Structure formats: structure tokens, C-alpha cells
Amino acid sequence: ETTPAPNFIRNQVRDEIEGGQVTKIVTRFPPEPNGFLHIGHAKSICLNFGLAEQMGGECHLRFDDTNPAKEEQAYIDAIKEDVSWLGFQWAGPVRFASDYFDQLYAWAQHLIREDKAYVDDLTPDEIREYRGTLTEPGQPSPYRERSAEENLDLLERMRLGEFAEGEKVLRAKIDMASPNINLRDPILYRIRHASHHQTGDKWKIYPSYDFTHGQSDAIEGVTHSICTLEFEDHRPLYEWFLNHLPVPHKPRQIEFARLNLNYTLTSKRKLKMLVDEQIVDGWDDPRMPTISGMRRRGYTPAAIRKFCEMIGVTRADGGLVDIAMLTHAIRSDLEDNAPRAMCVLKPLKVVLTNVPDDHEEVYEVAGHPARDDMPMRKVPLTREIYIDQDDFMEDAPKKFFRLAPGKEVRLRNSYVICCDEVIKDDAGEVTELRCSVDFDTLGKNPEGRKVKGVIHWVSVDHGIPLEVRLYDNLFMVEQPDRDKDVDFLDHLNPESLTVCNAIGEPSLAEAGPEARYQFERVGYFCADRHVSTPDHLVFNRTVGLKDSWAK
Ligand code: ATP
Ligand code: MG
Ligand code: MG
């Protein structure tokens, strides 16, 4: 088994609790509802909710909803479902940063009265120009010295919608020469004449991320505000607000390295492009690295949580994580927990010439080789069966241990058969094999010879048609968005989806939505939770059998 990877935040919190600096931790997971959650978010969810779970604290779910133009109720619903599906429960109600808009507005007025904020009439381009660069200090805006009275009046009129978008902003008055550009009078409020999914048309101004996040943490009593490393440079600003406002509580920001996975995009904006351009079939297409896509593909919550435990939590950027680690996590879960079944993806008919037409024998087979708690399956053998086209070769090399003319192979759970005749159509395609059964081989080796190969098969009479969708990576290169000059869409894998008209053993008829199986010798599959019905079963390949993860 895998040893737990280091998690520096967990170690730190444990020390703080043991040392008595903290009694109960409060964390939060703060998604913006502008898309579906992806595997990167799963890392943050497992970290925040996991810490609360392990340390006897609580974790809030808070929507960071300060940008109404990009946000939607549908994303809120999907995010809640994903967090619950992963097995986590938020403490208290679902929270919204927009719950605090009144308080934030009052705090903005407080900063104005303290001469720490002002309304600026510069255009967005001018603000950028005045801000300076890493090597050049910024210049003060000509509007920086407005009186508190005038600022309060202008802010109120901004709120009421008297000005157009972009005409004015509210800025903190900090330090235009600070070496940290985030402190050069950051923007606190922007004018947006947009309707908001929670607050409707109440507001014509919306607070910035920086002016919202720490104060929301403070209002909620968050102790550890955990975020990704891009926000390290924002920490002085996070603390500046806490120090200049009469907040009820002082949370602490801690940064960790975000997850990057090879062959995978972890950016909502880019994933949204795949959806909008209809390159995939929605946010939960089984090829998407979204939590809901992985769910549809057949991933389990346990596997995703195990993966997040395996990658650990560090401050230093760990580079690209190998997707083989993720597939290893789901494969080992399914290896232990998925019942087995036989399913032929590319059927080739085989007539067992010495089995009478009306003959039928039924094998009682274990549902799982190591799990006697799983029900047995009934597997019927009849005169006509299907095997997979790939398990037959006409001109087979010596090392081919499956079926070939004049050669023998064992049918899994059944007899050894010998291929006596190959039937072809006019185009020379093999359409049928005629084989004979050695009836003295059920559950025992054949006399005087070794038969190495074992292949899966399904009775023609009893097999059930299945639509099987074989998924592969969406992208052909490890970092599809690495090169800024190349469109990541140029790296799409044209073969990310192959559909097979397969035939499965009768036990599969009972597969409800999200039922997971190992199709023996083929891979792990999951009944599609949306489109699979008893009349038309649809299975998604979760992952193949071969594990390529090397620690
Ligand atoms: P994206 O760029 O995909 O939109 P985001 O960070 O803007 O991601 P948020 O909704 O703001 O998306 O993220 C919610 C939380 O998830 C944040 O705390 C963020 O730091 C964390 N998070 C997002 N992406 C990753 C990632 N790849 N690895 C770890 N944590 C992440
Ligand atoms: Mg974002
Ligand atoms: Mg964000």
C-alpha cells in the first residue's frame, strides 16, 4: 500500500492544536460559480474538508460570487452536488460572499472616512498606466485626494447606478510606490449593471475578490484560509484589510501548490471553451477532468479522495502530476470492489459444432474472485457463442496463445475448444469460426498437452447488446496549454471516443445507472448514469486493466 504523502498544512494545524494556539479550526472551500469543478478543485476540497474532518473542526462551502456576468445558478447546483458526492458535508448553510455585500459596503464607507479609500475617475487603461511596473513606482491618480464627503457621495451614486460601467471605481489608498503592485491602490468596487443570481438588481457595484475574500473569512470565523500560490502576493493586502477594518476575527491565509495533471486542463475557462464549442458533450462528458465528468466515467469518490491523499500538499510547486497516478487510484479501487463480467467488444461468431442445437449448460461463477460477499453469476454456454475478433488470428505467430486455425484455447469458466474451420465472406473477411469442444476439459487440464490461452466469450442466444464507449485522453500532449502561441485545441486527440456495439453476458442486464464492472480481460466499465436504460445499456470505459503508475 501507498504511504501517505506529506501535507504541510495538516502538520502545521496539528502542531497549533497541540500547542494550544487554536482550539477549533474553521476552513472554507470558496468556488466561484462560473463553471463546474475539476480535479484541481478536488485537491482543495479534500484539503479543506479533510482538515476539518480530521482535526475536529468545520468547513464552510462559500460561493465567491462577486462577478455576476460569469456566474449561474446551474453552476451552484452542480458544485453542491459534486462536494456532496465526494462525501463531504459543509457546516451550516451554503454561504455566499454576496450575503456580506451590505457589510462590505459599510466597510468601504469606513475606509473612506478613515482616508483609506477614494473614488477614481481614471479609465481602466489609465489606471494600468499609473500603476507602474515591477521596476517603476506608480503615480498617484489626480482624484486621489478627494474629500471623504465627496467620496461617500460618489460611492453612493455608483451604487445606485448613476454612472456607466467603467466610469468610476473605488480604490484603497495604500501606497503607489509599494514594491508589491497589489498594494498600489487596489480596486475595491467596480460598476456592473448586471443582475446577480443571488441579489438580483439590488447592486450596481460589485466588490473585488481582494476586498471580499478576507472579510468574508473574518465574518465566518475562518481560522485557516487556504488558497493556491498565485495568491501569495495578495497576502499583504488580505492582511491590510483585516488590520484597517473593525473585523470580528482575524483569519490567516496559507498558500499551497495547485494541482497540475499531465494530458489534462485544469482551468474552468478552458474547459468552458470545450463545452461551448461542443468539442465535448457538456461539462460532465466522461472525458472531462471535471468531478461530474469523472463520476460519469466511473470514478468513485474513494478513488478521487485517495488520489488527493497520494499527491500530498506542499508549498513548492510540484510540477506535473502523472495522470497514471489518478488511474492507479481508480483501478485499485475497482480491482477490489467491481464485480466481474464477460463482454465481447468486437463480436466474432463461433459455432461449437459438437454441441447440439438445443444444448445449454449454465456455470455458476464467482461475482469477484476474492469477494464471496458478492452474488454468483449464471453464465450459459450454447452451441453458438461470440468471442472477440482480437482473440483470433488467421496467420498467428508462435507466441499467439489465443485462437488460430488448428489451435486450441480455453473458454473462460468452460471448455477447451479447437478451431477447425474459418468461414469468410466474398471480401475475404472472417465472419465465423467452426470449433469443436473437448468435453473432457471442464475444470481440468486437457490430456497430454498444454493449452495456455484463456479467452472470454458470450452465448449468442443469451448475450445482451451493449453500447460501449471507449474513452481516451482528450489531448495528445502532456501540457496542452503550455505554449501560449499554440491553441490548445490543436492538441485534441481525434480518437478520444470510440463506440462499440458489444455483447455482454446476461448478468449485465441488471446493471443500473453507475453500476461498475470489470469486463474480464478488457477493463473497468460503468453504466452511464444519464443515458443507460434497461432497453439500451450504455457503458463507459473508466480505465483499462494495465497499470502504468510507477512510484
Ligand atoms: P479556475 O482557474 O479553474 O477557474 P479558480 O481558482 O479560479 O480555478 P475557484 O472557483 O476560484 O477557481 O476555486 C475554488 C478553490 O479551488 C480556490 O481556493 C482555488 O485555489 C482552488 N483550486 C482551483 N484550481 C486548483 C488546482 N488546480 N489545484 C488546487 N486547488 C485549486
Ligand atoms: Mg477563476
Ligand atoms: Mg478563484
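These legends walk through close-up views of a predicted model. Local features need pLDDT of at least 70 and side-chain atom pairs count only at pLDDT 80 or more, while totals for chains, interfaces and linings use all residues. Residues are numbered from 1 along each chain as its sequence is written, and chains are lettered from A and ligands numbered from 1 in the order in which they are written.

**View 1. Helix α4 crosses helix α7.** Helices here are DSSP runs of H or I with at least four residues, strands are E runs of at least two, and both are numbered from the N terminus. The axes of α4 (residues 101-113) and α7 (residues 209-220) come within 11 Å and cross at roughly 115°. That makes α4 roughly perpendicular to α7 (65 to 115 degrees). Axes are lines fitted to C-alpha atoms, for helices over the stretch in contact, with angles from 0 to 180 degrees between N-to-C directions.

**View 2. Residues where α4 meets α7.** From α4 come Gln-103, Leu-104 and Trp-107; from α7 come Phe-211, Thr-212, Gln-215 and Ile-219. Contact means C-beta atoms, placed from the backbone, within 7 Å.

**View 3. An open sheet of seven strands.** Follow the order β12-β25-β26-β27-β23-β24-β13, with mixed pairing (strands pair if DSSP finds at least two bridges between them). At the edges lie β12 (340-341) and β13 (343-344), each pairing on one side only.

**View 4. Strands β26 and β27 side by side.** Four bridges join β26 (residues 523-527) to β27 (residues 537-543), and the two run antiparallel. Look for Ala-527, whose bridge partner in β27 is Phe-539. Helix α12 (residues 323-337) packs on the sheet, touching β25 (516-519), β26 and β27.

Technical notes
Angles under 35 degrees count as roughly parallel, over 145 as roughly antiparallel, 65 to 115 as roughly perpendicular and the rest as oblique. A crossing is left-handed if the near helix is turned anticlockwise from the far one by less than a right angle, and right-handed if clockwise. Two residues are in contact if their C-beta atoms, placed from the backbone, lie within 7 Å.
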